[in-house]
Every structure is written in structure tokens, then in C-alpha cells.
Amino acid sequence: MPIKDTRFSDEKGKVLMLGNEAVVRGCLEAGVSYASQYPGTPTSDIGEYFHQILRENPEAKEYLVHHWAVNEAVATSACAGAAWTGCRSLNPMKHVGLNVASDALSVIALNGPNPGAMVILVGADPGSLGSHQEQNERFYTWMLHLPCFEPHTPQECKDFTKLAFELSEKYDTVFEVRTSTRSAHSRGYVELGPIKRGKAKGEFIRNIPKFNSLPPHAINNHVRLYERIEKIREIILELGVNKIIPGENKIGIITSGMPFGYTMEALDQLGLDDVPVLKLGMIYPLNYEEISNFLNSLEKVIIIEELEPFLEVKVSEIAHHNKLNVQMIGQEYFPKYNEYSTGLIATSLAKIFDKTPSEQMTNAIEYFNSYKEIVPARFPTFCAGCPERATLYSILKATNQLENTVICGDIGCYVMSFFPPQECSDLVICMSGGISAAIGMSTKSDQKIVAMIGDSTFFHTGMAPLAEAVGYNSNVLLIIFENSWTAMTGHQDDVLRYLINRGFSIENICKALGVPWLRIEDSYNPKKLTKSIEEALQEKGLKVIILKRECGLQAHRWRMSQIRDLEAQGQKVQEITYYISGCQVCHECSRILSCPAIRRTEIDGRETMQIDEDRCIRCGVCYQICPNGAIHKSVIHALATEVPFREI
Amino acid sequence: MKFKETDIINVVIAGTAGQGVISLKRLIEFAAQKAGVDIILGAEQHGLAQREGAIISHTRYQKKATDDPKKNLNSSLICYGDADLYICIEPVESLRRGIFASNKTTFVLNERTIPPILITADLDQYPSLEKIKEILKGYTEEVYTMNATELSLKEFNRNQQVNIIMLGFAIPTGKIPFIDIKHYEEVIKEWLRDPDDNIRALHLGIEKGNKIIKKN
């Protein structure tokens, strides 16, 4: 029996899905008709699935819209706008995206999403597996009163999403579904339900007190929000989302999400079959009676949750209010940082219950620790031929290896600039935090201050600080990477693509803002770029260099497809290769440019650099910068058609 | 080693971005589905694809679920020391996440190295293949290596079949039980581009594995 791809089609059955795919399926089953998000790991692929559905199923276009928003705050308000016409809208974001969206959400949560429904999907990232920081954003659910489900399996991802929409509409409340990098990208079976066609059209009906949260309505809406939350608190038991694994032990565990799975396997490993576990599917609000009943039979309770103690605070509150004689233990064994694992939980529980963890596990940890120092670091880095890497080379050359220079980094692929060997970034804050920090720094320091920003980040929140830098004529060099893609998150077909199709120009924006010193350069011309950076750093006031060069990955894909097409038509195409001969091992290409298509090897007993032909994208930067002329270019079929990279 | 149908099977796949770690993981999971496996859970890494980073994935399955929820597969992540099989598409990646291995683990390694950029810059050391094998032998005698990249380049003129060759190479270890070759073949036909090449790659791997891997 062939497995048909029924993840998003209206069929029944049990299919294997990732957590994020299951969230999208849940949306389809709930009749969602609008979704908006800014891409960010671990939630970017949610938008990709929506786009896949729209591509493969033209009928869905009649009612379903997905927007790649310019930033998270825009996406959140856009989702509220759609909900207020009576539709159901999904608003995915990563944990730090919630920081950006929180300004809008703090008001939308007061207003309520009726007549439609709205669910935010927050992808947490304990362990910072795909983010520049980790934070326990669960405190927002309390602060903004967002009832929140925390799924553990893909099945729960689907079921909780669907349920969140039903409840959101019924209780006029914005709901949250909180996944994590692990639950979003774990695969398991999901039982499919029928798909419901979303609302194609709605209408906004005027209701001034509801949608204008200013005094006096602000307070009234706050009162109503509390009323809604209290109603939801009452019905949690009926929802059947929390479950108890019973046991006779007087020490019990409360947990949720991914740590529940680790906890179950850790208990099994330690032979602790009698420990009762309360698994919370809904982490905010909590039902007082349910928590009290669970605590009542216990002498001690362990709360297992990643990052800062959220459930611990909320459970303590209930225990205190009900004067329960239960001791909260084990906090010292569970770190407040990084992600958890079965191994960590088994080790901690072994200490608490005075058990011995499995020898297999302790030996594994011990043996691994005995040799791990010899494993060479392999951090993520710029791809072969990346224009951003080539730009860092030019910055390093123009500043004599960053002498008296500060590089204010930002979020995008160039967040990797700080990694060795280039180490070309001094700080990173948040989206467009680099240019913003540079404005303040330049008022106090006479160092050369360089800020970097990519085109997607520029649109996200970068134009505002640029305007400020123009206004104060800040003594800063801003480098804008115009690579025409939101590259770091996987080249989504996002709003940047639509802007490009409409002929937008960062250059024109800079001119309109009144940038006093502006140049357009090419990362693949390092000598000219280096000179420009040198000249810019001699000038006082604000300078902007826009680097117009497409993301190397996408440029290479496009060029290869052009070549394939031409060859399929029987045309001969120039074949360019770069090769190394006479290498002096000066390390200009490996330490200052550090392209991963170059490797160090030995030929006939002599050390030399070598270019991996299958990884080189033919950007030609190493060929231009080799101080010994040891990198050579060869063109086969020189008279045949040349396929250059496309202009952007 | 003979597996019971209620045993939890743990497979780690390690490599670098762009080597097809996630595709291989999915192939095994979909083949397990074909084989009628009761519980499948697997964790994969997204978000840094193509950027030369280290990639690890976990695939776990249990042919028959038991009545006791505590004895069943509950987490998509493997516990330290609990891997039955380690498929390493790049040699040193076997060590980076070696914490999941123990004396019950079987390693299959592709010999072709992808040196991190600091190795090229001569600012860090890449251990020799002999050293890597010596460390892995500290876990188990069952360490098998082949040069799947070379075979892929020779047979297909590209390195894209490396992951499937490594799967084939791992099959004779007996550490991916309850899934038949036909299940992989069916998934390859339905889900992958160039199915003929991939099925041939699978069998090239199996052939190589049969030659050097001790039957369990």
C-alpha cells in the first residue's frame, strides 16, 4: 500500500507528522482562514506548510490567506484584524518574537478576538538550539492572561491547536499553544479529523468600547478579561487535557510538555513505578481544585519544567492559598537554564529518591567526558561563496583586523560573524539592536563604529533607528546586506519577495531619509569594497554602504538551474573552475576569508590549500584576494555562453 | 542480539548540514510506518541547514506498545548510552554526540571527512580516523567503516547517495529490526527523487555491509 501524502488533505487515517505539521493540520480542522507570521526557528516551517497547501490545493485559495509579515507586531495586529471580521486566525512566532508582539498582544488580549478566534503559536527554545538567547516566555501567559496549552506529542499539537480555536471563539479570549524546538520538530503518529473550510469573508462590526482600550474602556476590558479567565479556569477539568499517571508514592511530580516524556522514561529507568505524575496540558490558568487534589495526597512534590520556575510559582500560590502541607523539593537539582533530557532528569531524580541511575547511562556520561576535549568545534558558518563572509573579509582588511573598531552585529546569517576565525562582531542584541546600540555608543566613544544589518531585518525594525541615526548624524558606518532573501530562516517566499517584485529599493529609502554619505558596493569585489570602507571610516557622521549581492546559496541554485536548462536545450556553457597551485599556506583564504569550500591537505608530502570543486560556487573572491597569486581561474569552452550570477 | 517486539529501538544519525541526515531519518520512520510499527517518535534539527553545522537526529520506535504507559516510548530524544545504532555520515560527528552510545551500540561510519573551518585555518586539530575508531572501540567492538562518499562518486558521479548507502551498510548489523528492505524500497519509490539510483545505492550499501559485518 503506498503511503499517500494526506497530511493536509481531507482524509481520515493515521499519519506520521512533525509537531509543526500537526499544528497546521489542527488549523485546517478548526477552519482557520488567516495566518500571519515573521519567520523564526522553530516556527518558520508552519508558514511553509500553509504555502504548500495553497500551492497544491487551489480550492484553499478561495478562503485561506497566509502572510509573511514584516515583523511580529504587525503579524499579531493583522491576525487580530482578521479575527475581528469573524474569522479564525493563527499567529505563529518564536519565543523572542513574542517580545516584539507583546505590545500589540497586551491590548488585543484585553479586547478579545470575537466575533472570530485567535491563537498565537509560540515556539520556545530551551537550550537556544536555533536562537540567540533562551528565555521563559511562559510568564507572558500570566501577564497578558493568555490561556496556554503545552503539547508533548504531534497528536497533542494537533488536538490542542484545534481545541484552542474552539475555546478562543467561545470565550472571546486569545489562546496560546506553546511548542518548543523539540516538540515542533518531533515526528509521530497523528489521527486525522475532518477538515473544515474556513470563512472566506467576514465583516467588522463597530463596537467602540470593545476595540478602543483607552479609559474608561481600558479598565472595563481588564475586568472582562478576568471574568473570561475565571470561566476558563473552571472548565479545565472537562477539557481532558491534563492527565494523572497514578501512583502510591508520597512524593509526586508535576510537569508538562517535552519534560513529561523525559520524566516518564527517567522514572522507568530508576524503577520508580509508584510515583504519581500530573501532566499539565494547559499550563495557564491552572484549576485550583485539580492542583489541590493532586497535592493533597502528597508529602512532597517535584516540579519539572525547563527554564525559570513558572509552574513552581503558580503551584506554590495554590498550595499557599489552600494551606496545604506539601513541601516543594528538588529545585537545586534542576537547572534554570538549557534544555532538559531524560539523562538529566534521571540523574536528578536518582539523587532525590536515593536511587542509582543505570550503569549504562553513567558509564556513557563518564566515557564521553573522558574524550570530548579532542572533538574539534563545528559551529555553523557562512556557506561557501557567501557575500556576507566576503564583506567581513573586507571589513577586517579595511580596519587592520578591527584596530580601534567596534562591530555592532545583528540578527540574520551575519549573527555568525563572531565565530572564529573571522571574529568580526563585538555585540548582538536583537532585531536592529546593532544600529541602535551604535547610535548611543557613537556619542561616547571615538572608536570607529560599524553596524551591520540585513535587508529583512532592515524592514523588520531597522528603518526607525536608521532615521534616528540620520537625525543625529551619528558617527557610524552602517553596512546593509541587501541579499534579497530572508536567508537565515530558509529563504521563505516572504514579504521581501513581494517588495522586490514591486521594485522597492533600499537605496531610495536611504536617500529619502536623507542619508548624507551613501555608496552601493559589491561583496564580490573585495578590493573596491575595502577601499570604500576605509574612506567611509575617515568621514565623520553617518555613512551607509549597501551591498547588493544575492545570497550565495540562492544565487548558486539559480545559476545551476540556468545552466541545466541551457544544456538541456543543447547549448554549450562556459565551465569555470578555480584551483590552487603554488600555495604558500599564508592562510589569507582560510583565516581571514575562511571559505568552507577550501580545505587544507597534503599533496606529495607538501602542505597546501585545495578547493573542493563540488562545494565551490565560483564567486571568485578567493581568486581576487590570494596575495601570492596561487589561486587560478580556468575557463573551459571560453567562447560558449557565460552564465553570470543574476543582478539584484 | 535479538530484539523483542516491545523493545524500544534507538537510532542516532549524525553528520553535517547538507549530508542528508534528516532525509535518512525520515526514510527510516516512514519505512517503520510501512512495517506496521505501533509507536514512532523522532527528533530532528531544523534552522541551521546548509551552514556547515553539526547535525544529529534521533529515531525511536517500538513495534508493539505495552499496556503500561510507563514502559512505552514516551520521548523523541534518546537517553545517554541508549543508542542501539549510530549511523555517522561524517567520522568525527560520531564522537561529538558519543554520549548517546554504550557497549550495546553498533557504529557504522562513513570515512570521508568534512573538516570544520578551524581545521583548514590550522587553529584546531581533527583526530585521525584511527584515533576515532580507537575511541569508539572503547564502547564496543562493533565499529564498521566504509567510504560511502567514494562509492557514491564512483557509482553515481555525485555525493547525494551517501546517506542511503550508509543506511544499506547499517542494515546487516540487525540493529534496525522489524523493518524489511522492501519497506525502505517502497518509501524510496514513493518519496524520493531518482528512486532507481537510491534503491541501487541501498543495495550497494547492504552488499558492502554483508561482506564485513558479523551476523548477529
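R187(A) stands opposite G42(B), a residue of strand 2 of chain B. The two strands concerned, strand 8 (residues 186–192) of chain A and strand 2 of chain B, run antiparallel and are joined by two bridges; two strands pair if DSSP finds at least two bridges between them. Helices (H or I, at least four residues) and strands (E, at least two) are DSSP runs, numbered from the N terminus.

This is a predicted model, in which local features need pLDDT of at least 70 and side-chain atom pairs count only at pLDDT 80 or more, while totals for chains, interfaces and linings use all residues. Residues are numbered from 1 along each chain as its sequence is written, with chains lettered from A and ligands numbered from 1 in the order in which they are written.

The contact between the chains takes 55 residues from chain A and 56 residues from chain B, where two residues are in contact if their C-beta atoms, placed from the backbone, lie within 7 Å. On the side of chain B that touches chain A, at least two residues each are supplied by helix 1 (21–34), strand 2 (39–43), helix 2 (93–96) and helix 3 (117–120) of chain B. That side of chain B has 26 nonpolar, 18 polar and twelve charged residues, with Ala, Val, Leu, Ile, Met, Phe, Trp, Tyr, Cys and Pro counted as nonpolar, Asp, Glu, Lys and Arg as charged, and the others, Gly among them, as polar.

Chain A is divided into domain 1 (13–237), domain 2 (243–368), domain 3 (387–554) and domain 4 (567–636), with bounds that come from an automatic or database domain assignment. The centres of domain 2 and domain 3 of chain A, taken over C-alpha atoms, are separated by 47 Å.

One open sheet of chain A has five strands in the order 9-11-10-13-14, with mixed pairing. Strand 9 (243–245) and strand 14 (327–328) of chain A stand at its edges with a single partner strand each, so one side of each is left without a neighbour in the sheet. Strand 14 of chain A runs parallel to strand 13 (residues 300–304) of chain A, to which two bridges join it, and M328(A) in strand 14 is the bridge partner of V301(A).

Another open sheet of chain A has five strands in the order 15-16-17-19-18, and here the pairing is parallel. Its edge strands, strand 15 (405–408) and strand 18 (518–521) of chain A, each pair on one side only. Strand 17 (residues 477–482) and strand 19 (residues 543–548) of chain A pair over six bridges, and I479(A) stands opposite I545(A) in strand 19 of chain A.

Two helix pairs are set out below; axes are lines fitted to C-alpha atoms, for helices over the stretch in contact, and angles run from 0 to 180 degrees between N-to-C directions.

| Helix pair | Axes | Angle |
|---|---|---|
| Helix 6 (residues 154–171) and helix 9 (residues 217–239) of chain A | within 11 Å | roughly 140° |
| Helix 7 (residues 181–191) and helix 8 (residues 195–212) of chain B | 9 Å apart | about 155° |

The contact of helix 6 with helix 9 of chain A is made by L163(A), L167(A) and Y171(A) of helix 6 and R228(A), K231(A), I232(A) and L239(A) of helix 9. In chain B, Y184(B), E185(B), I188(B) and K189(B) of helix 7 meet P195(B), N198(B), I199(B) and L202(B) of helix 8.
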